[in-house]
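Subject: Structure handover

Hello,

Please find the structure below. My notes on what was found in it follow.

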Amino acid sequence: MGRTREILKKIIPENGIFPPIFALTVNLLVYFGSRTVAGEWHHYNIESPLDELIPFWAPSVAVYLGCYLFWAINYVLIARQGKREVCQFFAGDILSRIVCLGFYLLLPTTNTRPLVEADGFWNQVVLGLYQTDAADNLFPSIHCLVSWFCYIGIRGKKNIPAWYRGFSCLMALLICVSTLTTKQHVVVDVFGGIGLAEACFYIGKNTGIWKLYEKLLDKVNGLFPILRGGNRG
């Protein structure tokens with residue numbers, strides 16, 4: 001047990017182990033749970049004339065799918081911060097998923113996907129994506145939401161190299177663009193995701209909601225000895 005704890009501490013402080021796991025769990029429950037409940041309900045198409053002007057570009061699916069590695073790295077970097085900062089960030093993160101759940105159940109949305117020819121590697125990847133990911137749960141875009149959280153979670157952090165903070169901003173924006181050029185989302189989904197991330201990050205940081213998250217974190221750390229203690233930041 002002690003050996004395992006030391007290995008984990010080298011990667012992430014003890015108070016940062018639970019938050020990413022909990023965030024992933026809530027994200028999956030919201031995304032797939034809402035789809036299970038509202039999958040057969042009427043979905044509203046909120047495409048705009050601007051969406052019709054944005055071209056479909058199959059190779060951008062590489063950025064769309066490559067986001068998962070970006071998310072993992074940045075959420076670990078964020079979880080390595082002080083306890084208060086960790087609680088503030090992840091309180092806002094969880095709040096954003098609750099808001100997403102409300103939208104997915106109260107205002108289910110969809111879009112019109114293009115007819116993609118089954119020739120070429122990237123077209124095949126896009127077709128595979130379309131088959132596994134239904135055109136629902138679009139507003140706000142979780143892809144854009146999480147990607148923007150990855151940036152604002154390290155924004156202004158002097159312990160993170162400036163070049164990587166800049167890269168994270170660029171990567172978040174490229175992922176947002178890829179949701180449009182793969183026709184997975186529409187413009188309003190993108191702005192909804194970014195706006196929700198900023199709003200929930202602000203609430204998590206500037207209200208007492210993070211203290212509720214801290215109490216939850218303390219309880220979990222008390223239940224599992226491997227998570228107990230750590231950075232008191």
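N137 sits in the loop between helix 6 and helix 7; helices here are DSSP runs of H or I with at least four residues, numbered from the N terminus. This is a predicted model, in which local features need pLDDT of at least 70 and side-chain atom pairs count only at pLDDT 80 or more, while totals for chains, interfaces and linings use all residues. Residues are numbered from 1 along each chain as its sequence is written, and side-chain values use heavy atoms, with hydrogens and water left out.

Backbone first. N137 is not a glycine, yet its phi is positive, at about 50 degrees. N137 is also buried, because its relative accessible area is 6% (buried is under 20%, exposed over 50%, partly exposed in between, with a 1.4 Å probe and protein chains only). P140 belongs to the loop between helix 6 (121–132) and helix 7 as well, and the peptide bond joining F139 and P140 is cis, with omega about -5 degrees. Another positive phi, about 60 degrees, occurs at K183, again not a glycine. K183 lies in the loop between helix 8 and helix 9 and is buried at 14% relative accessibility. For context, most residues other than glycine have a negative phi, and most peptide bonds are trans.

Next, the loop between helix 3 (49–53) and helix 4, where I54 is located. I54 counts as buried, since its relative accessibility is 17%. Leaving out residues up to four places away in sequence, I54 touches L180, T181, K183 and V187 (contact means heavy atoms within 4.5 Å). In helix 6 there is L129, buried with a relative accessible area of 9%. With the sequence neighbours up to four places away not counted, L129 touches V61, Y64, L65 and Q184.

Which helix has its axis within 9 Å of that of helix 4 (residues 61–79), crossing at roughly 40 degrees? The answer is helix 7 (residues 142–152). The axes are lines fitted to C-alpha atoms over the stretch in contact, and angles run from 0 to 180 degrees between N-to-C directions. From helix 4, Y64, C67, Y68, F70, W71, N74, Y75 and I78 meet I142, H143, V146, S147, F149 and C150 of helix 7. By class, this contact has eleven nonpolar, three polar and no charged residues (Ala, Val, Leu, Ile, Met, Phe, Trp, Tyr, Cys and Pro count as nonpolar, Asp, Glu, Lys and Arg as charged, and the others, Gly among them, as polar).

The largest nonpolar core has 51 residues, of which F90 and F149 touch the most other members. A nonpolar core is a set of buried Ala, Val, Leu, Ile, Met, Phe, Trp, Tyr and Cys residues joined through side-chain atoms within 4.5 Å. Elements giving two or more residues to this core include helix 2 (18–38), helix 8 (162–181), helix 9 (187–206) and helix 10 (209–223). Beyond its neighbours within four places in sequence, F149 is in contact with residues including Y75, I78, F89, R97 and F201. A separate core of eight residues has V61, V116, V126 and Y130 among its members.

Lastly, K83 is in helix 5 (residues 83–106) and is buried, at 7% relative accessible area. The side chains of K83 and D218 are joined by a polar contact of 2.6 Å (a pair of N or O atoms within 3.5 Å; within protein, one must be able to donate a hydrogen and the other to accept it, and residues adjacent in sequence count only if both atoms are side-chain atoms).

Regards
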